[in-house]
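Please look over the model below before reading my comments.

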Amino acid sequence: MSVGVLRGGRLVGALLLAGLLAFAFGEPLVGGVDPAAQDLEAALVPPGAEYLLGTDPFGRSMLARLAAALRLSLLVAGACVGTALVLGAGLGVLAAWRGGWTDRVLSTVVNLLLALPGLVLILLVAALAPGSLAVLYGAIALVLWVEYFRVARAVAAGAIRSPAMEASRLLGFGVGYRLRRHVLPALAPPLLAQGAFGAATAVMALASLGFVSVGLQPPTAELGLMMVELFPYYRAAPWALAQPVLALSLFVLALHLLAGSTRR
């Protein structure tokens, strides 16, 4: 695959993500409509001058609800990836640096978590407190960190055994310098790619939980929950159901384009 195609994919992903961010965080500044405000007399109004993206079965603005759902997905994805990145990468570097029983214990914990499919583990944790955003965040981060651990451990182990690292050690440079000079630069590219993939996974997990009614509860605007609410009206208002589906698809596509280009 040519460099131009890779750069083109990254540009498309960046533009898509920037557009979604602008829509999600710019809509409250322009519209300022409460996404939970109902008007039953305006139920399922098609897109038009008054309601740019129409309304849902309860007369709520689809524009406001879609922007609120995207904001929620973006914030949850960012929080989950940030937590998983710090925890997973930190423990991965620690395992590679210390080796021995530290490496064996951490690797055993990771293998135990990998024994369960990620979505099943999230469902088990989320079922303890349905509708709790904090529990959902913790469950998704719990699943994501193991991948950062595996990537960081593998990359850090190679950097630690490199001749450059050995030379720095023999010259008397401290641990902090050797980490900054040799380990962190090697970790950055794969972890950035993993971060984009992880954000897409977090968004899909949040939407999946909402779709099976284990995630956030009404009247919260969330992409999976919006699909459930709008699905019975797919014949009467297909344009309404298409909006959260399209938003989720574009969000995941943008992150995968960024992740694929970064990884290569």
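1. Accessible areas here come from the Shrake-Rupley method with a 1.4 Å probe; for residues, only the protein chains shown count as cover. On that basis the chain has an accessible surface of about 13,200 Å². Carbon and sulfur atoms hold 69% of that surface.

2. A word on provenance. This is a predicted model: local features need pLDDT of at least 70, side-chain atom pairs count only at pLDDT 80 or more, and totals for chains, interfaces and linings use all residues. Numbering starts from 1 along each chain as its sequence is written, and side-chain values use heavy atoms, leaving out hydrogens and water.

3. Overall build. The chain has nine helices and zero strands. Helices (H or I, at least four residues) and strands (E, at least two) are DSSP runs, numbered from the N terminus. The C-alpha atoms fill a box of roughly 75 × 45 × 30 Å along the principal axes. Of the 264 residues, 43% are buried. Buried means under 20% relative accessible area, exposed over 50%, and partly exposed in between (1.4 Å probe, protein chains only).

4. Contacts along the chain. Contact means heavy atoms within 4.5 Å. Among contacts with a separation of 6 or more, 72% come from residues 24 or more positions apart.

5. The core. A nonpolar core is a set of buried Ala, Val, Leu, Ile, Met, Phe, Trp, Tyr and Cys residues joined through side-chain atoms within 4.5 Å. The largest one has 67 residues, and Ile 140 and Leu 144 have the most contacts inside it. Elements giving two or more residues to this core include H1 (3-30), H5 (133-160), H7 (175-211) and H9 (238-263). H2 gives the most, with 16 residues. Leu 144 is in contact with Cys 80, Val 81, Ala 84, Gly 198, Thr 201 and Ala 202, leaving aside neighbours within four places in sequence.

6. Ser 73 is found in helix H2. Ser 73 counts as buried because its relative accessibility is 2%. Leaving aside residues up to four places away in sequence, Ser 73 touches Val 203, Leu 206, Leu 223 and Phe 251. Leu 255 belongs to helix H9. Leu 255 is buried too, with a relative accessible area of 6%. Beyond its neighbours within four places in sequence, Leu 255 is in contact with Leu 17, Ala 196, Ala 199 and Ala 200. From Leu 255 to Gln 38 the C-alpha distance is 33 Å, at 217 residues apart in sequence.

7. How do H2 and H3 pack? Their angle is about 145 degrees, and their axes are 7 Å apart. Axes are lines fitted to C-alpha atoms, for helices over the stretch in contact, and angles run from 0 to 180 degrees between N-to-C directions. Leu 91, Leu 94, Ala 95 and Arg 98 in H2 meet Gly 100, Thr 102, Asp 103 and Leu 106 in H3. The residues of this contact divide into four nonpolar, two polar and two charged. Ala, Val, Leu, Ile, Met, Phe, Trp, Tyr, Cys and Pro count as nonpolar, Asp, Glu, Lys and Arg as charged, and the others, Gly among them, as polar.

8. Backbone points to check. Pro 218 and Pro 219 are joined by a cis peptide bond, with omega about 5 degrees. Pro 219 lies in the loop between H7 and H8. Leu 44 is in the loop between H1 and H2. Phi of Leu 44 is near 55 degrees, a positive value in a residue other than glycine. Leu 44 is partly exposed, at 23% relative accessible area.
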